[in-house]
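Reader: I am new to this structure. Please take me through its surface, its overall build and its aromatic rings.

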Amino acid sequence: MPKVSTYTVVPKIPARLERLRDIANNVWWCWDHEAIELFFRMDRELWDRTVQNPVWTLGEVTQARLEELEHDEGYLAQLDRVAARLDEYLASSPWRERYPDAPEEFSVAYLSAEFGLHESISIYSGGLGLLSGDHLKSASDLGIPLVGVGMLYREGYHRQYLNADGWQQERYPHNDVYKMPVTLVRDKEGSPLLVEVEFPERLVKARVWQCNVGRVPLYLLDTDFDGNDPDDREITARLYGGDRDMRIRQEILLGIGAVKMLHAINVYPTVYHMNEGHSAFMTLQRIKELMLQDGLTYEQAVDAVKAASVFTTHTPVSAGNDMFSPEMIEHYFHRYCDEIGIEMNQLLALGRQDPNDAREPFCMTVLALKVSAAANGVSKLHGETARSMWSRTWHEIPDDEVPITSITNGVHTRFWVSRDMAGLYDRYLGPGWVSNPADNAIWSRIDDVPDAELWRTHERRRERLVTFARRRLAAQLSKRGASNAEIAAASEVLDPEALIIGFARRFATYKRANLFLTDPERLLRLLKNDGRPIQMIIAGKAHPQDNQGKELIRNIIHFVRRFDCRNQIVFLEDYDINVARYMVQGVDCWLNTPRRPMEASGTSGMKAAVNGVLNISISDGWWCEAEELGENGWTIGHGESYANPDEQDMVESQMLYELLEREVVPIFYDRSRDGLPREWIQRMKSAIRTISPVFSTHRMVQEYAERFYLPCTVRRNGLKDNKRARSIALTKWKMKVHSSWSKVHFLEVESGPTEGLLYSTSLPVKASLQLDKLKDTDVTVEIYYGDVDPYGRITNGRASEMKCTGKLDGGIFQFEGEIYCDKTGQQGFTVRAVPTHPDLHDKHETALIVWA
């Protein structure tokens, strides 16, 4: 085969239109409707054909059209407005204005395996990526000094299509980086910056691409170029593709490559945020650098890295938490251990809940938890689930005290709100809904919107959704080789005036996409009711290796064909951000039916709610918090737990039908004299008013900043000052505690009379504790008390600190405290001790505890 040389051609843009290039190369355009319109006005057909990609559009638009636009005064005025707004946006610094006392060097590195910024940047799969993308957008709006790090996948996630039987098939078109808003990062000599990551066989090189997300730079690692071995080029081929070996290679590149890349461009974050465990190997590279460059011991380096790391776990599903065999870790990291002088078991211990279990695999989530100062789930319920799921990492510590908190997810409001609804908000809410979307007072103004105006706006979105669905369905059928009659019939599916329910998400079995099919006869009565029908638009992908998920899709297709529901149920193939936008902006209800408590958060319902769509959801994830805020949707059940999943499916499907028949359908179709569904509109307003300010990524990112990023930076700086004096002292103290802890035990516990205690009196408690070589100031001793279950275990426990009242010979200390009797009935108590130090980030950071 002949050697082929490559060259790159860029569009020839007239000087007067040159600012189009600046706008196209900053993803900020995708949440500014007037900026989007600039490219839409160029050539509508081209805009759709290029997947609404402004860089590609600029490359394809004809020179004649550019010359026309160069002399179009209206277009030029719009271009000038948008360019001026972008310049003003980039020049302002809202972060410093809001947090003037933040440390000067404060900055955050946000690492994620996927980023869902826009459909034209295909490096995302689903909810995790969309959350990452919205995180960057809000960080940009807030001006937080943050950089994102991910990978530039040659083929992204798979593109979905269905065969004639309704079985999901996959294709993998290549991403053309020269038609994406990314630029190659170069070194001081002007050559492409290369980051080298060591693998057992050889060094792997990664190029770095930069994507500007407003004020936030997103750096993407890429191994697919001639400087690498063919096998290594595949590392950044597909998101979540390949076997376990490919997965660990991707995660080594993401984690270790991220740190090396940031240092190569002279970026030294004060905090690293791991968005899910995929990037947790990042901690190992930082440990290595601190040991080899700063001369720290292994234990000191672990503590130093931990002080500047935070972690968000996203899934209670075991398959979503990557685990690797000890043999695989040894293969990829034996040289690492040799270089820093530690045993392999020391490294393996970082990824095991029980470090002494040689059979336990190495878990990326456990690694992230153990080397983070702060960790969180993504809703309050998920926080509870995560504390229970990972409790063995903190052996014998009560689940409710496991140091995993929660910060509930949100969405980037401006990106997900339709242009029609945005215009309505501009008129009645004012500009604050854009600049401060987490302000409750702003959203309360939704009550000032006339019912008729809100309803007509929503109806326009429903009509556009129906038009979009018909057009997309016709294209699907055409590609599948359907008959002309079938393709023509696609133009008649769905009634734009009838109730539409949307269901779109990843087709994992726990999400129960087919729950609504449980009772076909009852469903058919709802679908084919002459006067008050319901309709459904469904979308979503199954993982290429998930045959059970694919079967769920096929079951839906077969149901539609068997019962001739083609006009009432439409499945849209190849779910992406564009499909999601049309759906959350145009349906009337958003259906969510996960098996509780498997939905960590979910964000699609939030996107729907900010557009006035009403949720119908199982009480799981984010909805547990939203349902308490008012009449903003409907809840299926009351959060019950079931031992039998089949029983759960049957009971909850019947509850769903009941809700549809008795509440949803009647409220939607009951109209006042002027033809308006007044009660439905009030619920729409309630959803917008109660959900929009709370479930916003502006609120979420501010919460991360105030609870995680800033406190961790302040603590990290204090530990680092004076040649890390406090950090080294903390590590020395931890080692002393660990060496003595096996000998720490309670000798005796005494209390006053325990029968017939009067309410509001106190029960005195005394304890003697053997501390070996430790001091009384090295521990916190507490009375732990609360309700007692039938097995004699304390539930809903509370802690009351005891004071040291004396020291006896042989390292024995006496402690005294009391229980305030503020609850009647039988209670139980015991006594415990945990290590304490003023520089610990969390009470249970050492994961040590001793009980009486």
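Author: The model is predicted. The protein chain has an accessible surface of about 35,200 Å², and carbon and sulfur atoms account for 48% of that surface.

Reader: What share of the 852 residues of the protein chain counts as buried?

Author: A residue is buried when its relative accessible area is under 20%. Of the 852 residues in the protein chain, the share that counts as buried is 59%.

Reader: Which radius of gyration does the protein chain have, next to that of a compact globule?

Author: The C-alpha trace spans about 90 × 70 × 50 Å along its principal axes. For 852 residues, a compact globule would have a radius of gyration near 29 Å. The protein chain agrees with this, at 29 Å.

Reader: Is the pair of Y157 and Y240 stacked or edge-to-face?

Author: The structure holds 30 aromatic pairs. In the pair of Y157 and Y240, the ring centres are 6.4 Å apart and the planes stand at 80°. Planes over 60 degrees apart count as edge-to-face, so the pair of Y157 and Y240 is edge-to-face.

Reader: How many residues apart in sequence are the parts that Y157 and Y240 tie together?

Author: Y157 is in the loop between β2 (146-151) and β3 (159-162), and it is buried at 5% relative accessible area. Y240, also buried at 14%, is in the loop between α9 (230-233) and α10 (244-264). The pair therefore ties together parts whose separation in sequence is 83 residues.

Reader: Which residue lies over the face of F415?

Author: The distance to the ring centre of F415 is 3.4 Å. The residue over its face is K137.

Key. Residues are numbered from 1 along each chain as its sequence is written. This is a predicted model: local features need pLDDT of at least 70, side-chain atom pairs count only at pLDDT 80 or more; totals for chains, interfaces and linings use all residues. Side-chain values use heavy atoms; hydrogens and water are left out. Rings of Phe, Tyr and Trp (its six-membered ring) pair if their centres lie within 6.5 Å; planes under 30 degrees apart count as stacked, over 60 as edge-to-face and the rest as tilted. Helices (H or I, at least four residues) and strands (E, at least two) are DSSP runs, numbered from the N terminus. Buried means under 20% relative accessible area, exposed over 50%, partly exposed in between (1.4 Å probe, protein chains only). A charge sits over a ring if NZ of Lys or CZ of Arg is within 6 Å of the ring centre and within 35 degrees of the ring normal. The radius of gyration is taken over C-alpha atoms; the globule rule is 2.2 Å times the number of residues to the power 0.38. Accessible areas come from the Shrake-Rupley method with a 1.4 Å probe; for residues, only the protein chains shown count as cover.
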